[in-house]
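Here is a short briefing to read alongside the model. Take a moment to look it over, and then we can go through confidence, cores and salt bridges together.

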Amino acid sequence: MNEPTPLSRSFGYQSVDEREREQRIRRVFSAVAARYDLMNDLMSLGIHRLWKRRFVRMAAPQAGQHIVDLAGGTGDVAALMAAADRRVTVVDPSAEMMAVGQARGHAHVEWLVGSAEQLPLADASVDTLTISFGIRNATRIDVALREIHRVLKPGGRFLCLEFSTPAWWLRPFYNLFSFTVIPRLGAWIANSPEAYTYLVESIRRFPDQPRFAAMIGEAGFEQVRWHDLSFGIASVHIGTRPAAAGPSGTA
């Protein structure tokens, strides 16, 4: 359970140690911060905004909740969940990404530097934790999932929107677009072809829907399920931290 996985020792298709992986990913997001959202629009033809709106509807933010958007970057998802009657916090390791979001003046959003593997949050302090297109960049996904479990309140919900494995009939077209168009867009728009080559390769190395669901279950979550978006190009995984046991050991 605690052993490093092949994903934690990779940067795309390159083999690296865990420290180098973390450093390279940090450099990637520092380099693309200013044009990150524009690149997402171009790469997905704007569909990522529809995915995120559906994701927020599934998260169903409520008054009085403390909601954390992990790897929240520029705060686009957090802004959709924010309101004066709840606390919404972006936690992200990239100060550069968050600075872009802060400059946009998102109302009712807090910002906190922190990594998924060592969340700067108290035990059982969060009602809902979301992460969109960020779990794939954690150096140790298993550790990150256990940290998410730790900070959620009993009965709290974890929702993860991530690129996944599309339907078999779509994969040839998806692969052609991914390996030819996306790195060229990265070079042209963001001046960072390495960043978007990493993006494409890391998606291919990420566990498919059933395997990722199994990882969430191994971290202690229950009621684990997923919902495919756009024929599996992306998927939303959901899990719940079990309710606290009563004096007799029953929930």
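Is Glu147 buried or exposed? In this predicted model, Glu147 is buried, because its relative accessible area of 13% falls under the 20% cut-off.

**Salt bridges around Glu147**
- Glu147 and Arg150 form a salt bridge whose closest N and O atoms are 2.7 Å apart.
- Both residues sit in helix α6 (residues 141–151), three residues apart, which means that about one helical turn separates them.
- Asp123 joins Glu147 and Arg150 in one network of salt bridges that share partners.

**Other salt bridges**
- The model has eleven salt bridges by the rule used here.
- Glu110 pairs with Arg87, with 3.0 Å between the closest N and O atoms.
- Glu110 belongs to strand β5 (residues 109–113) and Arg87 to strand β4 (residues 87–92), so this pair ties together parts that are 23 residues apart in sequence.
- Glu110 is partly exposed at 35% relative accessibility, and Arg87 is partly exposed at 42%.
- Arg86 forms a salt bridge with Asp85, the closest N and O atoms being 3.1 Å apart; Asp85 is partly exposed at 41% relative accessibility.

**Nonpolar cores**
- The largest nonpolar core holds 37 residues, and those with the most contacts inside it are Met43, Trp51, Leu161, Phe163, Tyr196, Leu199 and Val236.
- A second, separate core has 24 residues, including Ile131, Leu145, Leu152 and Ala219.

**Confidence**
- Mean pLDDT for the protein is 87, with 86% of residues at 70 or more.
- Please read residues 246–251 with this in mind: their pLDDT stays under 50, and the model gives them five contacts beyond four places in sequence.

Terms used. Residues numbered from 1 in each chain as written. Predicted model: local features only at pLDDT ≥ 70, side-chain atom pairs only at ≥ 80, totals over all residues. Heavy atoms only, no water. pLDDT = per-residue confidence, 0-100. Contact = heavy atoms within 4.5 Å. Core = buried A, V, L, I, M, F, W, Y, C linked by side-chain atoms within 4.5 Å. Buried < 20%, exposed > 50% of the residue type's maximum accessible area, 1.4 Å probe, protein only. Salt bridge = Lys/Arg side-chain N within 4 Å of Asp/Glu carboxyl O. Helix = DSSP H or I, 4+ residues; strand = E, 2+ residues; numbered from the N terminus.
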